[in-house]
Amino acid sequence: MQQQLEHHWKRGQQFEAARDLNAARSEYEALIGVEAQHVPALLRLSRFAQIDGRYGAAHRYALRAADAIRLGASTRNLGYVTLRLLDFSEDVEVASVILSADWQDPAVLSQSAVLAQHLWLVGRYEDALRFLDAVGAHVPANHLLSFTRANVLRYLGQLEAASAGYEQCLRLRPDFADAHWAIATLRQPDPAARLARLRAARDHHPDGSLEQAHIEYALFHELDALGDTDDAWEALARGAAIMHAGIRHDVAARQARISNLMHPGWHPADAGEAAESQPLPVFLVGLPRTGTTLLDRIIGNHGWVTSVGERNDLAASVSEACDRFFTGMPDETDPEWIKDIDHRRVGQLYLERLRRHSSATALAVDKNPSNLFNIPLILRSLPQAKILVMRRDAMDSAFSNLKELFQGNAYPYSYGFADLAAHVGMAQQWIRYWAEAAPANIRVVDYESLVGDTEATMASVLDFLGIPGQPGLADITRNEAPVATASSAQVRAPIHGRGIGAWKRYARQLEPLRAALEGQLR
């Protein structure tokens, strides 16, 4: 049997190398016909199904790979299985397959940093710490494990412990760029003491590398904290240039697709037929760094509300209902097919997913910023949903995006003035258009009002959501829920307005952006 398995696997690999995917698929299908729990073959078949655009088959193969490991298959590919499950927003499956594994298994230990990361990515922060404690007794000190532990502590709000963890990581690996960047974004005391080691770490990495970009952004934050705006800007400009050069992004094409969605043809035909649901879905959307996490923390203090975080359940529900991979309306070159899908089925699948992650509350808040440009889809699939859209001053919004190093190549428009102006300007138009088109479903919340007059702003928001007021909502420091967004450190402090007009400290350097944005907003 083993010889037969090796024969099919070898031939499958050879056909892949020759780019004959149909022949490779046949070999892998023959292989799992002999050994149904062959994890690598199941993962390859999942990828091939994705290439073919068959979401359901790709999803089923991924679930079969997870089942195979739980039933005793080799854990050598466990990290690849959990990574694949993340592609389908299968949070429960990710946690299950990791938590049921033998944490003393050498194969598990060798993947421990990745597996711990996958646990916190699905919101299992305490389990991630427990896993790290367990594997730490069996492996030598490792900078990746120290870094992962520090991230988990950060998201749990234990900022001092997180800082100590990042420092431990740097003692093990002094040039580890991610840790330097993480410390700088925590805004720890005495930034001047960290400048020399940052510059030494920057010089250790190749020019134009992603690691060097992380160091440049770290230098920006530390120099900005010191008030050295000239040197801070130079560091930010260097970091942004590296990121801009390394990311392919056709901003004009994306803007055209978004513009085409602002049309009466995308208005929901049955906007008045809104079925009740428990919980009522609330989408909290907006550009990144515009206050969505702040509003989420305030609403999350309400006893009638559960916040489920930034989830991809809407895209997954469309993908499942239509058996095709869907990531978002602006990613579709020809989105007309979306008008003809079974929107009721999409809504049902979304609510099923939502209930898995929300407690028995009246409302559940989904805070995925990318759903901003899925508003037409939300209105058609979930006509009962409420949509809160955060809006911030255009220049503050643009600058807050520019100075944020987003992970995983997210928000690629944010590293150049022209792209930033085009995207922020389009977002402002989009928000105005859909707020006017669907006022019963959409409420725009201005960041400046939220931090300047929190009580009055929240009274309006709660009235829109149909829930009563409660005392203490504005005390976000009492909200102990984990936060894994770019605002994970900031939202641990009381509400303040220091971010209003923050771009003006760099008004001279940002003048070209201001002029470009002014042209977009005319």
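Biologist: Why does W233 count as buried?
Modeller: Its relative accessibility is 12%. Buried means under 20% relative accessible area, exposed over 50%, partly exposed in between (1.4 Å probe, protein chains only). So W233 is buried. The model is predicted: local features need pLDDT of at least 70, side-chain atom pairs count only at pLDDT 80 or more, and totals for chains, interfaces and linings use all residues. Residues are numbered from 1 along each chain as its sequence is written, and side-chain values use heavy atoms, without hydrogens and water.

Biologist: What kind of aromatic pair do W233 and Y506 form?
Modeller: A tilted one, with centres 6.0 Å apart and 35° between the planes. Rings of Phe, Tyr and Trp (its six-membered ring) pair if their centres lie within 6.5 Å; planes under 30 degrees apart are stacked, over 60 edge-to-face, the rest tilted. Y506 is also buried, at 1% relative accessible area. The whole structure has 21 aromatic pairs. Ring pairs join W233 and Y506 with F220, F399 and F417 in a cluster.

Biologist: What does the pair of W233 and Y506 tie together?
Modeller: Parts that are 273 residues apart in sequence, because W233 lies in helix α15 (229-246) and Y506 in the loop between α24 (454-465) and α25 (511-521). Helices (H or I, at least four residues) and strands (E, at least two) are DSSP runs, numbered from the N terminus.

Biologist: Which residues touch the most other members of the largest nonpolar core?
Modeller: L372, I375, I387, F399, W430 and L510, in a core of 76 residues. Such a core is a set of buried Ala, Val, Leu, Ile, Met, Phe, Trp, Tyr and Cys residues joined through side-chain atoms within 4.5 Å. Helix α22 (417-437) gives the most to this core, with 8 residues. A separate second core of 64 residues includes L5, W120, V122 and A150.

Biologist: How many cavities of 30 Å³ or more are there?
Modeller: The count is 1. A cavity is a set of points on a 1 Å grid over the protein atoms alone, where a 1.4 Å probe fits but cannot get out; lining residues have an atom within 4 Å of a point. Helix α22 gives the most to the lining, with 3 residues.

Biologist: Is R19 buried or exposed?
Modeller: Exposed, because its relative accessible area is 76%. R19 lies in the loop between α1 (2-17) and α2 (21-34). It has a positive phi of about 65°, although it is not a glycine.

Notes:
On a 1 Å grid over the protein atoms alone, a cavity is a set of points where a 1.4 Å probe fits but cannot get out, and a pocket is an open set with protein on both sides within 12 Å along at least five of seven lines; lining residues have an atom within 4 Å of a point. Grid points are joined across faces, edges and corners, and a volume is the space filled by probe spheres set on the points.
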